[in-house]
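Please consult the sequence and the structure shown below.

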Amino acid sequence: MNKENIAKELRKILYPDLSDSNVDAIIVCLLSHLLVEEKMNKVLYHWLKSDPPIPYGKTKMIEDSLWKSIVKVPFANKYSIIEPFFTANFPTEAKDVWKINELRNDIFHGKALKNAKFGNGHIGVESTINNVFETAQAISMQLGKLLEYIVDNRELTKKWADRLTELGEPLR
C-alpha cells in the first residue's frame, strides 16, 4: 500500500467526516505556518551568528548546533524574541503572526479541524484559504526584510572595520 492510500485509510479511521477539500485546506494552513516559522528560524540564526565568539576551526560545528537549537524552540518563544523588532518595523504583519499560529494550533491540536477560522472566515472557504496563504507570504516577505537588515548591518560593520584597519585605526 502506498503512502497516499495509507494516509486516506488513516484519515477515514480517525476523522471520517473530513473531505479531501478539508484536508487540502488544512495542508495549506499548516504549510503557511511552516513558511512563517522557517523564515523566523533564518532570522534568529543569522542574528545570533552575526558576531559570536567562535574558536578557530569550530565555525561549522557551532553553526550546525545553533540551527538545531533554534529549530527545537517553540514557535511562540521564537516569535516573542523577534516580535519587538518586527512590530516596530512591520506592525500589520506582526499582528498576523499570532493569527497564523492560532490557526495552526486550532488545527494541529484537533480543536477545530473542519471548523477552523482565520479572521472571520472558515478555512473551508476558498477566499479564506487564499487569505491565509497571502498573509503568510506577506509575513514571510517582511521577515525576509528584517533578515536583510541583520545581514546588511553585519556586512556594513565588517566593511567599516576593514577600512579602519587599512587606515591604521582598528576597532579593537
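Is Tyr149 buried, partly exposed or exposed? With a relative accessibility of 38%, Tyr149 counts as partly exposed. The model discussed here is a predicted one.

## Aromatic pairs

Across the whole structure, 6 aromatic pairs are found. One of them joins Phe86 and Phe90 in a tilted arrangement, with 5.4 Å from centre to centre and 50 degrees between the planes. Phe86 and Phe90 are both buried.

Phe90 also pairs with Tyr149, and this pair is stacked, at 6.4 Å centre to centre with 15 degrees between the planes. Phe90 belongs to the loop between helix H4 (75-89) and helix H5 (91-108), whereas Tyr149 belongs to helix H6 (residues 126-166), so the pair ties together parts that are 59 residues apart in sequence. Phe90 counts as buried because its relative accessibility is 7%, under the cut-off of 20%.

## Aromatic cluster

One aromatic cluster is formed by Tyr79, Phe86, Phe90, Trp98 and Tyr149.

## A charge over a ring

Arg104 is placed over the face of Phe108, and the distance from the ring centre is 4.4 Å.

## Surroundings of Ser32

Ser32 is located in helix H2 (residues 20-48). Its relative accessible area is 1%, so Ser32 is buried. When neighbours within four places in sequence are left aside, Ser32 is in contact with Val132, Phe133 and Ala136.

Conventions:
Residues are numbered from 1 along each chain as its sequence is written. This is a predicted model: local features need pLDDT of at least 70, side-chain atom pairs count only at pLDDT 80 or more; totals for chains, interfaces and linings use all residues. Side-chain values use heavy atoms; hydrogens and water are left out. Helices (H or I, at least four residues) and strands (E, at least two) are DSSP runs, numbered from the N terminus. Buried means under 20% relative accessible area, exposed over 50%, partly exposed in between (1.4 Å probe, protein chains only). Contact means heavy atoms within 4.5 Å. Rings of Phe, Tyr and Trp (its six-membered ring) pair if their centres lie within 6.5 Å; planes under 30 degrees apart count as stacked, over 60 as edge-to-face and the rest as tilted. A charge sits over a ring if NZ of Lys or CZ of Arg is within 6 Å of the ring centre and within 35 degrees of the ring normal.
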